[in-house]
Amino acid sequence: MTSNRPYMLRAFHEWILDNDLTPYMVVDALQPGVEVPQEHVKQGQIVLNISPSACQQLTIGNVDISFQARFGGAARQLFVPVKAVLAIYAKENGAGTIFTDEEELSEEELDVAEAPTPPAKGKPQLKVVK
């Protein structure tokens, strides 16, 4: 299956905006293909305001995110592979999500995750599918 990350990014972005909040995106700036202002990278990460008032031509695709934004008054074109996004959240209250690396699960963890287990009382049974 394809990654659910781009779909979740679009959904959380829309949800945050629908609630009149400011969407911020945390990016691993050290990932290959990330094009962001390096002077604003701290400890390998950058936090980007992706609200309509802060960026133009925002496109959240299935593989990458691109938009234009101003830094110190200068317009910049930014490019972020979806896999480099670590989180999306609302500036005002922190509501959002943190993404984990889908490739982190080992084969052993996948075997355990796929093994049927009795459901806990009142909780749905979940199955990890890769």
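Student: Why is tyrosine 24 called buried in this predicted model?

Tutor: The relative accessible area of tyrosine 24 is 18%. Buried means under 20%, so tyrosine 24 is buried.

Student: What makes tyrosine 89 count as partly exposed?

Tutor: Tyrosine 89 has a relative accessibility of 24%.

Student: Why is the pair of phenylalanine 12 and tryptophan 15 called edge-to-face?

Tutor: The ring centres of phenylalanine 12 and tryptophan 15 are 5.7 Å apart, and their planes stand at 85°. Rings pair if their centres lie within 6.5 Å, and planes over 60 degrees apart count as edge-to-face; therefore phenylalanine 12 and tryptophan 15 form an edge-to-face pair.

Student: What makes the pair of tyrosine 24 and tyrosine 89 edge-to-face?

Tutor: For tyrosine 24 and tyrosine 89 the values are 5.9 Å centre to centre and 65° between the planes. With centres within 6.5 Å and planes over 60 degrees apart, the rule gives edge-to-face. This pair links distant parts of the chain, with tyrosine 24 in strand E1 and tyrosine 89 in strand E6, 65 residues apart.

Student: Why are phenylalanine 12 and tryptophan 15 said to be separated by about one helical turn?

Tutor: They are 3 residues apart in helix H1, which means a separation of about one helical turn. An α-helix has 3.6 residues a turn.

Student: Are phenylalanine 12 and tryptophan 15 buried or partly exposed?

Tutor: Phenylalanine 12, at a relative accessible area of 17%, is buried, whereas tryptophan 15, at 43%, is partly exposed. Phenylalanine 12 touches Ile88, Gly96 and Thr97, leaving out residues up to four places away in sequence.

Student: How do you know that the span of H1 agrees with its number of residues?

Tutor: At 1.5 Å a residue, the 14 residues of H1 should span 20 Å, and the end C-alpha atoms are 20 Å apart, so the two agree.

Student: What shows that the buried residues of H1 line one face?

Tutor: The buried residues of H1 are Arg5, Pro6, Leu9, Phe12, His13 and Ile16. Seen down the axis of H1, they fall within an arc of 130°, so they line one face of the helix. These residues pack against E1, E3, E4, E6 and E7.

Key. Residues are numbered from 1 along each chain as its sequence is written. This is a predicted model: local features need pLDDT of at least 70, side-chain atom pairs count only at pLDDT 80 or more; totals for chains, interfaces and linings use all residues. Side-chain values use heavy atoms; hydrogens and water are left out. Buried means under 20% relative accessible area, exposed over 50%, partly exposed in between (1.4 Å probe, protein chains only). Contact means heavy atoms within 4.5 Å. Helices (H or I, at least four residues) and strands (E, at least two) are DSSP runs, numbered from the N terminus. The expected span of a helix is 1.5 Å times one less than its number of residues. The arc is that of the directions from the helix axis to the C-beta atoms. Rings of Phe, Tyr and Trp (its six-membered ring) pair if their centres lie within 6.5 Å; planes under 30 degrees apart count as stacked, over 60 as edge-to-face and the rest as tilted.
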